[in-house]
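Trainee: Please show me the model. I would like to go through it by question and answer.

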Amino acid sequence: MDGSSLLSGELIGDEEKKENIIRPRLLEDFQGQEKLKENLSIYIQAARERGEPLDHVFLSGPPGLGKTTLAGIMANELGVESRVTSAPALDKPKDLAGLLTTISPRTVFFIDEIHRLKPAIEEMLYIAMEDYELDWIIGQGPSARTIRIPVPPFTLVGATTKPGRVSSPLYTRFGITVRLEFYSPEELQSIIERSADLMEIRIKKEASAQLSRCSRGTPRVANRILRRMRDFAQVQGDGTVTTSIVKSSLERLEIDKYGLEKLDREILNTIITKYSGGPVGAETLAISVGEGIDSLEDFYEPYLIQQGFIKRTNRGRVATALAYNHLGLDRSDNENQGLLF
Ligand SMILES: Nc1ncnc2c1ncn2[C@@H]1O[C@H](COP(=O)(O)OP(=O)(O)OP(=O)(O)O)[C@@H](O)[C@H]1O
Ligand SMILES: [Mg+2]
């Protein structure tokens, strides 16, 4: 993903450390997503009372919506150890076995990017998830045999931005599935205000409301923009983030009132002017705007689709009337072309 972009989904440099201050640790600090929180807290309480591990949890949704955060919260609320890894780090069966044989009972075992598991690891995981055992091959050649090693009961939390890429045998082994959706402006505003509090940033109510509307429905983006606002407020104002600071700073950052950044507008502009409004395939589009296919599909598109700027059809992406309007382009130009050729 393009690390230089203010809005990009991934963490840049030491931002990880700064995130630790504002990352919610308990369900009550996790803003928004009320229904999901309510359900989770019931499952957690039930598992705690029974002294059993929580059922395996599948978390999906665009980057920055709180998947990693939720995994940590679950471990805290359950009062158990948490172990964190990602599918690309599990290269050999011994990597997985090494982790699972050393956990304490009821550990929350978090695997990020679970759609990227290698087949051999995935198969090992099936048995571990169902029977809390590992198939382990000892010896070589004709004398090789498989033994089963017990592992402590655990909760697997698998997270992905690409749920469609997860095989169905794996997916069906999760008892709890959580799909994180974009946050409403009201939810984002309370996230911004909570973060401002923790980071000791003074921000006016109207300013946080304004920011919440251009944070792409994404807590990570909201927090990142908030930090930039603090810089502008400190250097150009009296330290307080006001609506006028927000307005001038967003202009400077080229973020518009919908929260679209330059690259979003470039994507729309490319579909409209280069491909007559679409349909255009995701790969072609990614190349045309000079962005990786993953970042286009995971980060940029979901928000553009949710906001109604593009539509996904089986022949590719199509720009909507809203996209033409937003860029101030005339739709009839492309429609006439369609008739001529
Ligand atoms: N519901 C929430 N309430 C408050 N803050 C939140 C919430 N969800 C996420 N955040 C904040 O947003 C940041 C990003 O969330 P997180 O790292 O959990 O996203 P993610 O879904 O794991 O993203 P990725 O797919 O890139 O791994 C967190 O550090 C946290 O501070
Ligand atoms: Mg994460």
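Mentor: The buried residues of α3 pack against α2 (34–50), β1 (57–60), β2 (82–86), β3 (108–112) and β6 (155–160). This is a predicted model, where local features need pLDDT of at least 70, side-chain atom pairs count only at pLDDT 80 or more, and totals for chains, interfaces and linings use all residues. Residues are numbered from 1 along each chain as its sequence is written, and chains are lettered from A and ligands numbered from 1 in the order in which they are written.

Trainee: How many of the 12 residues of α3 are buried?

Mentor: Helices (H or I, at least four residues) and strands (E, at least two) are DSSP runs, numbered from the N terminus. A residue is buried if 20 or more other C-beta atoms lie within 10 Å of its own, exposed if 12 or fewer, and partly exposed in between, with C-beta atoms placed from the backbone. K67, L70 and I73 are among the buried residues of α3. The helix is largely enclosed by the rest of the structure, because the buried count is 9 of the 12.

Trainee: Is T68 buried or partly exposed?

Mentor: T68 sits in helix α3. UniProt lists T68 under "binding site" in an unreviewed entry; such annotations may be inferred rather than shown by experiment. T68 has 19 C-beta neighbours inside 10 Å, so it counts as partly exposed.

Trainee: Which residues does T68 touch, not counting those up to four places away in sequence?

Mentor: Two residues are in contact if their C-beta atoms, placed from the backbone, lie within 7 Å. By that test T68 touches D112 and A159.

Trainee: Which residues are closest to ligand 1?

Mentor: A residue is near a molecule if its C-beta atom, placed from the backbone, lies within 6 Å of it. The shell around ligand 1 holds 22 residues. Helices α1 (15–22), α3 (67–78) and α9 (219–236) each supply at least two of the shell residues. The closest are P63, G66, K67, T68 and T69.

Trainee: Why does ligand 1 lie between two domains, and which are they?

Mentor: Domain bounds come from an automatic or database domain assignment. The assignment gives domain 1 (33–179), domain 2 (185–252) and domain 3 (262–340). Ligand 1 lies between two of these because both give residues to its shell: domain 1 and domain 2.

Trainee: How far apart are the C-alpha centres of domain 1 and domain 2?

Mentor: Both domains give residues to the shell around ligand 1. Their C-alpha centres lie apart by 36 Å.

Trainee: Where is R106, and is it buried or exposed?

Mentor: R106 is found in the loop between α4 (93–100) and β3. Its phi is positive, near 70 degrees, in a residue other than glycine. R106 has 20 other C-beta atoms within 10 Å, so it is buried.

Trainee: Which peptide bond is cis, with omega near 5 degrees?

Mentor: Most peptide bonds are trans. P279 is found in the loop between α11 (262–273) and α12 (282–289). The cis bond runs from G278 to P279.
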